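Dear colleague,

I am handing over the structure below for your work.

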Amino acid sequence: MSNSSLKAALGAALIALPAFLTAPAKAHIVLETTNAPADSYFQATFLAPHGCEGSATTGLSITLPEGTLVAKPQPKPGWQLEIVKKPLPEPVEGPHGAVFEEAIEAITWRHGKLPDAQFDAFKIHMRLPAVDKETTLYFPVLQTCEQGTRNWNEIAEEGGAHPASPAPALTLMPAQNAHHNH
């Protein structure tokens, strides 16, 4: 490549770069890792790449899959944590023989401030359920901002169009096909 064609290519790349950086955000709130072995401990890391149309994120509420027995959120300085539990119809035996009378329904971080121009990770250490076939778990997320909210709760239908506000999804692989992850 000649020096002048190299300069032309570099100039074109630099001209395109600002357009790429200012393009409308297509990023969703997603799980950093999107598959895991069933019946294992898992660190679910939810990435929040932007606020609500330029407004800073002030809260994130994650609804956990039905019947989640063990889930511990990672605290974040400057944010308040709330863990919402609901009673189970009858006690169930969980990991290590422990008996549970409640399931964890949702975990919320609130009263923080994450500027739109920054991203952050919200982490939950949890026990994944045992399944006998590949299964997808969904984690609907309500993002609260200084101005407005965004509900990341849509689930794509098999073969359907990609939803505008998809719920983060985790694919579980049956325990017999994966090793235990403690």
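A residue counts as buried under 20% relative accessible area, as exposed over 50%, and as partly exposed in between. Glu-146, with a relative accessible area of 48%, is therefore partly exposed. Please note that the model is predicted.

Salt bridges

The whole structure contains six salt bridges. In one of them, Glu-146 meets the side chain of Lys-113 at 3.2 Å, N to O. Because Lys-113 belongs to strand E7 and Glu-146 to the loop between E10 and E11, this pair ties together parts that are 33 residues apart in sequence. Lys-113 itself is exposed, its relative accessible area being 55%.

A second pair consists of Glu-82 and Arg-110, whose closest N and O atoms are 2.4 Å apart. Here strand E6 provides Glu-82 and strand E7 provides Arg-110, so parts 28 residues apart in sequence are tied together. Glu-82 is partly exposed at a relative accessible area of 32%, and for Arg-110 the value is also 32%, again partly exposed.

Lys-86 and Glu-66 form a further salt bridge, at 3.1 Å from N to O. Lys-86 is in strand E6 and Glu-66 in the loop between E4 and E5, 20 residues apart. Lys-86 is partly exposed, at 26% relative accessibility, whereas Glu-66 is exposed, with a relative accessible area of 70%. Both belong to a network of salt bridges that links Glu-66, Lys-86 and Glu-105.

Sheets

Five strands make up an open antiparallel sheet in the order E6-E7-E4-E10-E11. Its edges are E6 and strand E11 (149-152); each has a single partner strand, so one side of each is left without a neighbour in the sheet. On average, neighbouring strands of this sheet are turned by 15° against each other, direction ignored. Within it, E4 pairs with strand E10 (residues 141-145) in the antiparallel sense over five bridges, and Gly-59 stands opposite Thr-144 in E10.

Another open sheet, also with antiparallel pairing, has four strands in the order E1-E3-E8-E5. Strand E1 (30-31) and strand E5 (71-73) are its edge strands, each pairing on one side only. Three bridges join E5 to strand E8 (residues 120-127), in the antiparallel sense; Pro-73 stands opposite Ile-124 in E8.

Nonpolar cores

Which residues have the most contacts inside the largest nonpolar core? They are Phe-46, Ile-124 and Phe-139, in a core of 27 residues. Strands E3, E4, E7, E8 and E12 each supply at least two residues of this core. Apart from it lies another core, of six residues, including Leu-69, Val-70, Phe-100 and Ala-103. In soluble globular proteins, nonpolar side chains tend to be buried together.

Beyond its neighbours within four places in sequence, Phe-46 is in contact with several residues, among them Val-30, Ile-62, Ile-124 and Phe-139.

Two further residues

Lys-76 is in the loop between E5 and strand E6. At 14% relative accessibility, Lys-76 counts as buried. The side chain of Lys-76 reaches the backbone oxygen of Ala-121 at 3.0 Å. Not counting residues up to four places away in sequence, Lys-76 also touches Trp-109, Asp-120 and Phe-122, among others.

Asn-35 is in strand E2 (residues 35-37) and is partly exposed, at 45% relative accessibility.

With kind regards

Conventions: Residues numbered from 1 in each chain as written. Predicted model: local features only at pLDDT ≥ 70, side-chain atom pairs only at ≥ 80, totals over all residues. Heavy atoms only, no water. Pairing = 2+ DSSP bridges. Core = buried A, V, L, I, M, F, W, Y, C linked by side-chain atoms within 4.5 Å. Buried < 20%, exposed > 50% of the residue type's maximum accessible area, 1.4 Å probe, protein only. Contact = heavy atoms within 4.5 Å. Polar contact = N/O pair within 3.5 Å; in protein donor to acceptor, adjacent residues only side chain to side chain. Axes fitted to C-alpha atoms, helices over the stretch in contact; angles between N-to-C directions. Salt bridge = Lys/Arg side-chain N within 4 Å of Asp/Glu carboxyl O.
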